[in-house]
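Have the structure open while you read them.

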Amino acid sequence: MKILYLLSPLFLTLFLAFFAPLFSSYDPNFGDVTKLLFAPNLEHILGTDMLGRDLFTRILYALKTSFFIGLLSSFLTLVLALLYVFVARLFFYTFFMRLLDMFLALPFLLLMMFFSGFIEGNNLSMILMIALTHWSFVAKLFASELKRLENLEFYQAALVLGSTKIKAFFRDLLPPCFSLLAVLFVLNIVHAISTEATLSFFGLGLGFEIASLGNILNEASKAVFIGAWWLVLYPLLALLILILPLLALSGYLRKCWGVSL
Amino acid sequence: MFKRLIFVIFIAFFSTFLCFSMLHFSKGSIAYAKGTNAVSLEAKGRLEKSFGLDEPLLKQYGSWLFKALRGDFGVSLIYGEEIFSLLNERFFNTLILSFVALLILFFSSLWLGILCLLYPNSFLEKLIYILSMSFFALPSFALSLVFILFFAVFLQILPSSGTADIGFEDDILSRIKHLVLPVCVLVMSHLAVFTQVAKTSLFESYEKPFILSAYARGLSQIRIVLHFTLKHALSPVISYFGACALSFMMSAYVVESVFAYGGLGNLMIESIIFKDYPVVLALVFISVLLAGFFTFLSDLICLFLNPRLKGIN
């Protein structure tokens with residue numbers, strides 16, 4: 001029950017974000033030149049930015065983008081990791097594990113920044129890029145969990161009773177891994193959101209026209225020195241509202257299912 | 001141990017190869033990176049030839065590799081300087097920043113871990129958890145923005161960017177002043193995880209039978225915690241520090257670049273944005289090697305601290 005209280009801010013903000021047009025009449029990309037850098041007031045509850053855009057509206061749209069990217073890329077990460085481990089277990093297990101070690105040791109943030117220099121920054125390419133650089137971590141934990149389960153008797157019994165290895169993988173090994181994968185899924189959403197924000201902050205992620213938390217903060221970093229505190233504070237709070245409940249959820253699930261990472 | 005060193009060198013080659021092939025197959029040409037887009041086709045061909053870009057991929061990579069191994073990374077496209085001397089300047093800045101941050105991180109996480117051990121299930125432990133968790137949840141660039149806003153813009157007690165005030169490059173006090181904010185951000189954003197690791201390791205060794213026998217001998221609790229538990233818990237903590245070297249370095253790069261601190265990270269992001277490829281390649285190569293070196297170093301320290309590990313390796 002406690003977890004519902006912890007998750008309620010997340011649900012509330014997501015509700016606001018998905019029905020954004022109902023709550024604000026402003027266009028997130030329309031800049032009103034007569035209203036540059038207004039501090040929070042009754043008309044613009046969170047103020048306006050350097051181009052006169054309403055910050056509240058922009059943050060709502062940004063929350064939607066960030067959550068969407070986090071969710072989808074985390075899902076894709078999981079699929080890639082599952083596929084890799086499945087293929088690895090079919091043949092050349094040791095070789096694939098060595099390869100996995102190598103992928104784990106690559107400086108992925110660096111490579112991502114480098115690659116995003118070539119790739120046009122839209123939602124799809126961002127999701128793909130985050131998934132392609134995060135799967136190795138999930139695959140490693142998943143493979144070691146499978147290794148542990150393999151030595152247990154129920155798996156041996158399934159093999160002795162005549163099930164093939166592929167059949168036993170799906171019927172006996174995958175279901176007990178579900179809790180681990182679910183926790184990793186939640187953690188990956190957090191990671192993807194903050195990675196996307198970091199990349200966008202340096203102008204290497206999403207295009208400038210897309211409202212995302214990273215882009216808003218990127219613009220804020222220029223306005224900070226004028227003393228426009230609302231441009232930094234509110235996007236940060238939005239980021240926290242998105243991330244902290246998810247972290248709490250992953251902690252709760254871990255405690256509930258006894259998953260140790 | 002030796003095997004792992006070879007593995008690291010191999011990874012350094014692999015990651016640069018990945019970058020290299022990405023460069024090769026991307027649509028844009030390196031010739032346009034010099035700034036002007038109005039390069040004639042003939043001049044573009046000449047430029048590409050001078051970089052050896054008309055040759056096949058493997059041959060190009062081979063020639064880059066042999067030069068890199070001799071310490072010759074080529075010339076930066078933006079600065080027009082030898083990359084080696086460019087890196088040389090900034091290398092020490094990064095080293096100072098990350099070493100100071102790592103030292104503070106190490107001692108503070110151990111200290112917080114011990115506090116949690118002495119007062120389990122108390123208000124203090126919850127406070128430590130909540131505070132460090134909320135700092136951990138923010139990405140490090142966002143945390144640096146908050147610090148800049150608070151300390152540099154509102155309070156105006158600390159500088160927001162640079163390695164030292166202009167004209168005071170040799171003044172140690174000014175350098176320290178510029179270090180404070182980046183170090184704080186780096187420590188804050190990593191404190192949660194490292195404290196957690198230190199705590200787990202401390203609690204684990206606190207449950208070992210020799211602690212009970214130490215209590216039976218009538219030693220004081222402070223002595224048992226500081227002498228027996230800490231020493232036993234230290235080597236997993238240090239090896240975790242070593243394993244995190246790469247990710248720590250990446251976030252140091254990010255923080256450096258937000259604070260415009262004249263280190264490798266600032267150079268890195270600048271050269272990625274302005275597409276200065278030779279510099280990026282050199283930096284990827286060097287960062288992987290450095291991270292590998294730190295992992296190796298932490299293993300050595302563990303071995304030195306904990307003679308039991310000698311049997312394992």
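Is B:Cys244 buried or exposed? B:Cys244 is buried, at 13% relative accessibility. Keep in mind throughout that this is a predicted model.

1. Cysteines. I went looking for disulfides, and the count over all chains is zero. B:Cys116 is in no disulfide: the nearest cysteine sulfur belongs to B:Cys244 and sits 19 Å away. B:Cys116 is buried too, with a relative accessible area of 1%. As for B:Cys244, the closest cysteine sulfur is that of B:Cys302, and at 13 Å the two are too far apart for a bond, since the cut-off is 2.5 Å.

2. The interface of chain A and chain B. Here 33 residues of chain A are in contact with 41 residues of chain B. The two chains bury about 3,400 Å² between them, and 91% of that is on carbon and sulfur atoms. On the chain A side, A:Met102, A:Leu110 and A:Phe114 lose the most area to chain B, together making up 19% of what that side buries.

3. I'd have looked for some, but the rule finds zero salt bridges between chain A and chain B. Several helices of chain A each supply at least two residues to the side that touches chain B, among them H4 (93-104), H5 (108-116) and H8 (165-201). H10(A) gives the largest share, seven residues. By type, the chain A side divides into 27 nonpolar, five polar and one charged.

4. Salt bridges elsewhere. The whole structure has seven, over all chains. One of them pairs A:Glu219 with A:Arg53, the closest N and O atoms being 3.2 Å apart. This pair links distant parts of the chain, 166 residues apart: A:Glu219 is in helix H9, while A:Arg53 is in the loop between H2 (20-23) and H3 (55-90). Both residues are buried.

5. A:Glu150 and A:Arg89 form a salt bridge with the closest N and O atoms 2.8 Å apart. A:Glu150 lies in helix H6 and A:Arg89 in helix H3, 61 residues apart. A:Glu150 is buried, at 18%, whereas A:Arg89 is partly exposed, at 23%.

6. A:Asp101 bridges to A:Arg98 at 3.2 Å; both lie in helix H4 of chain A, three residues apart, about one turn of the helix. A:Arg98 counts as exposed, at 52% relative accessibility. Finally, salt bridges with shared partners join A:Arg53, A:Arg58 and A:Glu219 into one network.

Key: Residues are numbered from 1 along each chain as its sequence is written. Chains are lettered from A and ligands numbered from 1 in the order in which they are written. This is a predicted model: local features need pLDDT of at least 70, side-chain atom pairs count only at pLDDT 80 or more; totals for chains, interfaces and linings use all residues. Side-chain values use heavy atoms; hydrogens and water are left out. Buried means under 20% relative accessible area, exposed over 50%, partly exposed in between (1.4 Å probe, protein chains only). Contact means heavy atoms within 4.5 Å. Buried area is the accessible area (1.4 Å probe) that two parts lose on being put together, summed over both. A salt bridge is a side-chain nitrogen of Lys or Arg within 4 Å of a carboxyl oxygen of Asp or Glu. Helices (H or I, at least four residues) and strands (E, at least two) are DSSP runs, numbered from the N terminus. Ala, Val, Leu, Ile, Met, Phe, Trp, Tyr, Cys and Pro count as nonpolar, Asp, Glu, Lys and Arg as charged, and the others, Gly among them, as polar.
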